[in-house]
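Student: I have a model on my screen and some questions about it. Can we go through them one at a time?

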Amino acid sequence: MHPFEQREKPATSAEERAAKAEKRRLEAEQAIRERKAADDAFRANFERLKAERLAREATNS
């Protein structure tokens, strides 16, 4: 086959489309869980640092 010839893509079945959609949904849910964990870790660190700063300022004043 010539490298520039156009090949027709085989049609996907309903089962294949459903499987792809399910895979995308699971990947999206995983990404959301990872983002939430990162946000929670950031917030916890932010609050810890804020408490340390306030304690330091209270002892210096």
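Student: Is Phe 42 buried, partly exposed or exposed?

Tutor: This is a predicted model, where local features need pLDDT of at least 70, side-chain atom pairs count only at pLDDT 80 or more, and totals for chains, interfaces and linings use all residues. Residues are numbered from 1 along each chain as its sequence is written, and side-chain values use heavy atoms, with hydrogens and water left out. Buried means under 20% relative accessible area, exposed over 50%, and partly exposed in between (1.4 Å probe, protein chains only). Phe 42 has 56% relative accessibility, so Phe 42 counts as exposed.

Student: Which residue forms an aromatic pair with Phe 42?

Tutor: Rings of Phe, Tyr and Trp (its six-membered ring) pair if their centres lie within 6.5 Å; planes under 30 degrees apart count as stacked, over 60 as edge-to-face and the rest as tilted. By this rule the count comes to 1 aromatic pair. Its centres are 6.4 Å apart and its planes 20° apart, which makes it stacked, and the partner of Phe 42 is Phe 46.

Student: How many residues apart are Phe 42 and Phe 46 in helix α1?

Tutor: Helices are DSSP runs (H or I, at least four residues; strands are E, at least two), numbered from the N terminus. Helix α1 covers residues 14-60. Phe 42 and Phe 46 are separated by about one helical turn, because their spacing in helix α1 is 4 residues.

Student: Is Phe 46 buried, partly exposed or exposed?

Tutor: Take the relative accessibility of Phe 46, which is 40%. With that value, Phe 46 counts as partly exposed.

Student: How many salt bridges does the structure hold?

Tutor: The rule asks for a side-chain nitrogen of Lys or Arg within 4 Å of a carboxyl oxygen of Asp or Glu. With that rule, the number of salt bridges in the structure is 7.

Student: How far apart are the closest N and O atoms of Glu 22 and Arg 25?

Tutor: Both residues lie in helix α1, 3 residues apart, about one turn of the helix. Glu 22 is partly exposed at 34% relative accessibility, and Arg 25 is partly exposed at 37%. They form a salt bridge, with the closest N and O atoms separated by 2.5 Å.

Student: Which residue meets Asp 39 in a salt bridge?

Tutor: Asp 39 is partly exposed, with a relative accessible area of 39%. The N to O distance is 3.2 Å, and the partner is Arg 35.

Student: What is the N to O distance between Lys 36 and Asp 40?

Tutor: Lys 36 and Asp 40 both lie in helix α1, 4 residues apart. Asp 40 counts as partly exposed at 43% relative accessibility. The two side chains meet in a salt bridge, N to O, at 3.1 Å.

Student: What separation do the C-alpha atoms of Arg 56 and Ala 19 have?

Tutor: Arg 56 lies in helix α1 and is partly exposed at 47% relative accessibility. Arg 56 and Ala 19 are 37 residues apart along the chain, and their C-alpha atoms are separated by 55 Å.

Student: What about Thr 59 and Glu 27: what separates their C-alpha atoms?

Tutor: Thr 59 lies in helix α1. Thr 59 is exposed, with a relative accessible area of 63%. Thr 59 and Glu 27 are 32 residues apart along the chain, and the C-alpha separation is 48 Å.
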